[in-house]
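Here's a quick tour for anyone meeting this structure for the first time. Have a look at the model, then read on.

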Amino acid sequence: LERDNSRLRGDLRTISRRFAHDLRTPLNCISTASEALQDPEVPADSPQTVFAQSIAGSVEEAVALLERMSVVLRATANPPPLQLVTMEEIVWGTLQRLETRIFRAGATIVKPSTWPAVEGVPAWIDLIWVNLISNSLQHAGPRPRIELGWDDVEGSCRFWVRDSGRGVPPERRDRLFYPLDRLSDLNAPRGFGLSIVHRLVELQGGQCGYDPLPPSGGSFFFTLLRA
C-alpha cells in the first residue's frame with residue numbers, strides 16, 4: 001500500500017508539474033497568434049475578429065482551469081504543513097483580486113470588523129474564498145449583497161458566505177460539494193469549483209457545506225481549526 005501510494009503521489013506531482021509549466025508554452029503561442037489576428041483596421045463584427053476573440057476566450061478558460069487544477073494536484077500529492085494564518089489578510093487579498101468582478105456585478109460586500117487566526121495553508125484558503133465569492137457573484141443575480149462572516153464552533157472557526165440570491169433548490173444541494181475524485185463519473189456535475197473547495201478544506205482538517213436560510217437564500221460555509 002505504501003509503495004502504491006508513493007507511486008500515485010509521484011504521478012500526481014509529475015502531472016501537476018507538466019500542467020504548470022509545459023502546457024503554458026503552447027497556450028501562450030495560441031494567445032499571441034489570436035492577438036495578431038485582431039487587426040484594429042478590421043471591423044469588429046468581421047469573421048476574422050470574432051474568430052480571434054473566440055480563440056482568446058478559450059485560451060483564458062484553459063489557463064484558468066490549468067491554474068486551479070494544478071493547485072489541487074500539488075496539494076494532494078505533497079500537502080505542506082499547516083501554519084498560522086491571519087484570516088483578515090487573506091480576505092483582504094481575495095477581495096482585491098476580485099475587485100474588478102465585484103465592481104462589474106455592482107455587488108455590495110459586507111464583512112465583520114475583526115477576523116480570527118486559524119491553522120491552514122494561506123494559498124488554499126485564498127482559493128476557497130475566491131471560489132465561494134465568485135459563486136455568489138455568478139448566481140446571486142444583479143447587484144447582489146454578499147455577506148462574509150464567521151462563528152466559533154467548538155475549537156474551530158466556521159466561515160461563511162451569504163448572498164441575496166434565491167438559494168440552491170433542494171434537489172441540487174446534495175451534489176454541490178461533489179467529491180473531486182469522483183468527477184470522472186459519467187453522472188458527475190460539470191462544475192468543479194465547489195469540489196476544489198471540498199478537497200482543500202478536507203486537506204486542512206475542516207468541513208464544508210451549505211445551509212438553506214428561510215425564506216430564501218443560503219449560506220456556504222467551511223471550518224478550520226482555530227490557532
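This is a predicted model: local features need pLDDT of at least 70, side-chain atom pairs count only at pLDDT 80 or more; totals for chains, interfaces and linings use all residues.

Residues are numbered from 1 along each chain as its sequence is written, and side-chain values use heavy atoms, leaving out hydrogens and water.

**Helix H7**
- H7 spans residues 193–203 and is mostly covered, with eight of its eleven residues buried (under 20% relative accessible area, 1.4 Å probe, protein chains only).
- Helices here are DSSP runs of H or I with at least four residues, strands are E runs of at least two, and both are numbered from the N terminus.
- Among the buried residues of H7 are Leu-194, Ile-196 and Arg-199.
- Their cover includes helices H3 (47–77) and H6 (122–139).
- Just past H7, Gly-205 has a positive phi of about 80°.

**H4 against H6**
- H4 (residues 87–97) packs on H6 at an angle of about 50°, and their axes are 9 Å apart.
- The contact (heavy atoms within 4.5 Å) involves residues including Ile-90 and Leu-95 of H4 and Trp-129 of H6.

**The sheet**
- Five strands make an open, mixed sheet in the order S2-S4-S5-S7-S6; two strands pair if DSSP finds at least two bridges between them.
- Its edge strands are S2 (108–110) and S6.
- S5 (residues 156–163) pairs with S7 in the antiparallel sense over seven bridges, and Cys-157 has Leu-224 in S7 as its bridge partner.

Notes. Buried means under 20% relative accessible area, exposed over 50%, partly exposed in between (1.4 Å probe, protein chains only). Axes are lines fitted to C-alpha atoms, for helices over the stretch in contact, and angles run from 0 to 180 degrees between N-to-C directions.
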